[in-house]
Amino acid sequence: MRVDTGTPTPLGATWDGSGTNFAIFSANAAKVELCLFEPSGRRETHRIEMPEHTHDVWHGYLPDVRPGQLYGYRVHGPYEPDNGHRFNPNKLLIDPYAKALAGKLVWHDALFGYTIGHRDGDLSFDKRNSARYVPKSVVVDPAFTWGRERPAPRPWHETVIYEMHARGYTMRHPEVPKGERGTIGALSRPPIVDYLKDLGVTALELLPVHAIADERPLLQRGLTNYWGYSSIGYFAPELRYARDRDAVREFKTMVARLHEAGIEVILDVVYNHTGEGSETGPTLSFRGLDNLSYYRLTEDRRGYINDTGTGNTLNAAHPMVLRLILDSLRYWVEVMHVDGFRFDLATTLGREAGGF
């Protein structure tokens with residue numbers, strides 16, 4: 001596998017028509033490895049040390065990597081929870097900038113950076129490989145033919161917003177084919193669009209559609225996080241709402257058809273916390289990439305500030321975390337063509353150690 005130094009921007013996996021540039025932020029890592037997987041996601045085929053490190057961004061360019069390639073990261077560094085560091089290269093990590101994910105999160109004790117049941121709790125260190133249980137990040141080709149679909153901005157006094165769950169709204173809809181029910185694509189079906197227009201709806205607000213991680217206690221009771229307020233990827237559409245593997249194209253098609261009907265698309269976004277939970281939660285992405293940078297920690301650095309009631313709070317005061325949020329917003333507007341956002345617990349994003 002050929003490897004060049006690449007560039008530190010843009011962050012994420014970027015296909016340029018000739019190869020793919022990989023760039024990922026970690027201020028406290030000692031080494032970052034890019035892991036490539038076969039199409040099934042079961043077998044790791046290559047493990048490549050990122051060849052360059054520029055201003056806390058690790059990067060490399062792989063001319064042989066094409067769209068559809070599955071990948072993840074392993075990040076080396078100190079495992080010192082008392083100092084805020086929870087690096088564990090045995091845990092495969094989702095790219096925070098991944099534009100698509102493949103496979104489901106399968107709950108297993110190997111997902112945790114510490115050993116479940118150990119007398120030292122989260123201070124212990126787990127050496128099991130978590131790769132088989134973690135969704136894989138996917139290199140995507142952003143090409144899409146939009147046409148002239150973007151509606152003119154509508155003034156607020158003319159705006160009628162319909163809040164909707166992307167799956168629940170069509171799950172039992174008699175005029176949607178059974179194979180499409182519960183999907184993003186179903187929202188662009190003529191019966192759905194015509195009904196919204198008849199109601200006078202001008203904007204569709206979708207409850208969270210970013211990739212999420214169902215909480216383990218829910219799954220143990222045979223339940224899932226229906227509402228989706230448990231984000232694990234701020235660029236990737238949630239796969240459970242997609243009819244097939246190409247969730248990105250399906251989402252764009254839905255937006256285009258709603259725009260053609262004069263209906264705007266607004267996303268409910270959850271940038272205040274992630275699905276990794278508290279210090280006893282799994283290591284899926286941010287925690288293993290750079291726990292000290294991504295999360296607001298307690299004074300002793302072992303625990304997490306829990307302003308959200310979910311176990312953790314994203315550290316929006318950190319410039320690279322703020323950049324992640326802004327890059328995500330820009331991506332959904334510029335690439336996915338959404339029209340606006342509703343921020344969950346928006347004031348939490350303004351909190352710092354000394355207050356707002």
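**Exercise 1.** In which loop does His 55 lie? Find its place, then look at its backbone and its exposure.

*Solution.* Start with the place: His 55 sits in the loop between strand S5 (52-54) and strand S6 (57-62). Strands here are DSSP runs of E, at least two residues long, and helices are runs of H or I with at least four, both numbered from the N terminus. Next, the backbone: phi of His 55 is positive, about 50°, although His 55 is not a glycine. Most residues other than glycine have a negative phi. Last, the surface: His 55 has a relative accessible area of 75%, so it is exposed. The classes are buried under 20%, exposed over 50% and partly exposed in between, with a 1.4 Å probe and protein chains only.

A word on the model: it is predicted, with local features needing pLDDT of at least 70 and side-chain atom pairs pLDDT 80 or more, while totals for chains, interfaces and linings use all residues. Residues are numbered from 1 along each chain as its sequence is written, and side-chain values use heavy atoms, without hydrogens and water.

**Exercise 2.** Do the steps again for Arg 301.

*Solution.* Arg 301 is in the loop between helix H4 (286-294) and H5. Its phi is near 70°, again a positive value in a residue other than glycine. With a relative accessible area of 40%, Arg 301 is partly exposed.

**Exercise 3.** Which peptide bond is cis, the one from Thr 9 to which residue?

*Solution.* The bond runs from Thr 9 to Pro 10, and its omega is near -5°. Pro 10 belongs to the segment before strand S1 (12-15).
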